[in-house]
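Please go through the structure shown here together with the report below. The text starts from one residue and then widens to the whole chain.

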Amino acid sequence: MNRERFQTIAIIFSFVINVILVLVVIALATQYAAIKTQLSDLVTGLDGSFARLGEATIDTTIPISQQLRVAFELPVKFDLPLEQDTTVTTLTATPINTTVNLSLGQYGRINAPVSLNLPAGTPLRVRLAMKVPVSTVVKVDQTVPVKFDQTAKIKLGPSGLDPVVYQLRGVVKPYVALMQQLP
């Protein structure tokens with residue numbers, strides 16, 4: 001009777017263990033699907049993020065505010081037309097020797113020599129009509145404020161990030177392939 005009792009207990013024990021194992025397998029199977037989905041989403045998301053990182057662009061505005069020193073020489077050459085009436089003053093006694101044509105009315109005209117001395121300080125009214133040549137060099141040495149906003153668009157991949165992106169994607173790619181092969 002002990003033997004039959006032992007067999008009955010062993011069968012019940014085996015049945016209970018099998019039921020527990022079947023429940024564990026069912027629980028693991030449902031967890032496996034959830035874990036596989038989460039890991040697959042994580043690994044695929046990382047791979048996609050790394051790919052987009054290489055395609056990313058920094059789009060910003062850089063404010064520029066500096067003092068710029070400007071130094072140069074500018075040659076200037078031209079003729080300055082001058083036409084104007086002015087008064088000049090003699091500095092020394094100025095002799096004038098000339099011939100004048102005098103009218104004697106109905107008796108005709110005569111050319112007479114004239115010799116006189118203008119004293120120093122005599123104001124004379126004259127008309128200037130000439131071209132004054134101007135030739136000089138203008139030196140410019142100044143500090144000029146420079147202030148503006150410069151837009152900048154920098155593609156990260158071609159600017160040096162591509163090797164890092166390829167390396168990161170290379171680390172993740174085997175896991176992406178593994179996740180795609182799992183049932």
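## A buried threonine

Thr-122 counts as buried because its relative accessibility is 16%. Buried means under 20% relative accessible area, exposed over 50%, and partly exposed in between, with a 1.4 Å probe and protein chains only. This is a predicted model: local features need pLDDT of at least 70, side-chain atom pairs count only at pLDDT 80 or more, and totals for chains, interfaces and linings use all residues. Residues are numbered from 1 along each chain as its sequence is written, and side-chain values use heavy atoms, with hydrogens and water left out.

Thr-122 sits in the loop between β3 and β4 (123-155). Strands (E, at least two residues) and helices (H or I, at least four) are DSSP runs, numbered from the N terminus. A polar atom of the Thr-122 side chain lies 2.5 Å from the backbone oxygen of Pro-119. With neighbours within four places in sequence left aside, Thr-122 is in contact with Val-88, Thr-89 and Thr-90. Contact means heavy atoms within 4.5 Å.

## The chain as a whole

The chain has 2 helices and 4 strands. Along the sequence they follow the pattern α-β-β-β-β-α. The radius of gyration is 55 Å, well over the 16 Å that the globule rule gives for 183 residues, so the chain is more spread out than a compact globule. That radius is taken over C-alpha atoms, and the globule rule is 2.2 Å times the number of residues to the power 0.38. The C-alpha atoms fill a box of roughly 190 × 30 × 25 Å along the principal axes. Of the 183 residues, 9% count as buried. Among contacts between residues at least 6 apart in sequence, 82% join residues at least 24 apart.

Helix α1 covers residues 2-55, 54 residues in total. From first C-alpha to last, α1 reaches 77 Å, close to the 80 Å expected at 1.5 Å a residue. The expected span is 1.5 Å times one less than the number of residues. Which residues of α1 are buried? They are Val-43, Asp-47, Gly-48, Phe-50, Ala-51 and Gly-54. An α-helix has 3.6 residues a turn, so residues three or four places apart point the same way. The cover over the buried residues of α1 includes α2 (157-181).

## The hairpin

Strands β2 (residues 94-103) and β3 (residues 109-118) run antiparallel and are joined by 10 bridges. Two strands pair if DSSP finds at least two bridges between them. Thr-98 stands opposite Val-114 in β3. β2 and β3 form a hairpin with 5 residues between them. In the turn, Gly-105 has a positive phi of about 70 degrees.

## Salt bridges

A salt bridge is a side-chain nitrogen of Lys or Arg within 4 Å of a carboxyl oxygen of Asp or Glu. By this rule the count comes to 6.

| Pair | Closest N to O |
|---|---|
| Asp-141 and Arg-69 | 2.9 Å |
| Arg-127 and Asp-85 | 2.7 Å |

Asp-141 is partly exposed at 49% relative accessibility. Arg-69 is exposed, with a relative accessible area of 57%.

Glu-73 in β1 and Lys-139 in β4 link distant parts of the chain, 66 residues apart. Both Glu-73 and Lys-139 are exposed.

Arg-127 belongs to β4 and Asp-85 to β1, so this pair ties together parts 42 residues apart in sequence. Arg-127 counts as exposed at 54% relative accessibility. Asp-85 counts as partly exposed at 43%. Elsewhere, salt bridges that share partners join Asp-47, Arg-169 and Lys-173 into one network.

## A methionine in β4

Met-130 is placed in strand β4. Its relative accessible area is 40%, so Met-130 is partly exposed. Which residues does Met-130 contact, leaving aside neighbours within four places in sequence? They are Leu-80, Pro-81 and Leu-82. Met-130 and Glu-83 are 47 residues apart in sequence and 6.6 Å apart in space, C-alpha to C-alpha.

Note on methods. A polar contact is a pair of N or O atoms within 3.5 Å; within protein, one must be able to donate a hydrogen and the other to accept it, and residues adjacent in sequence count only if both atoms are side-chain atoms.
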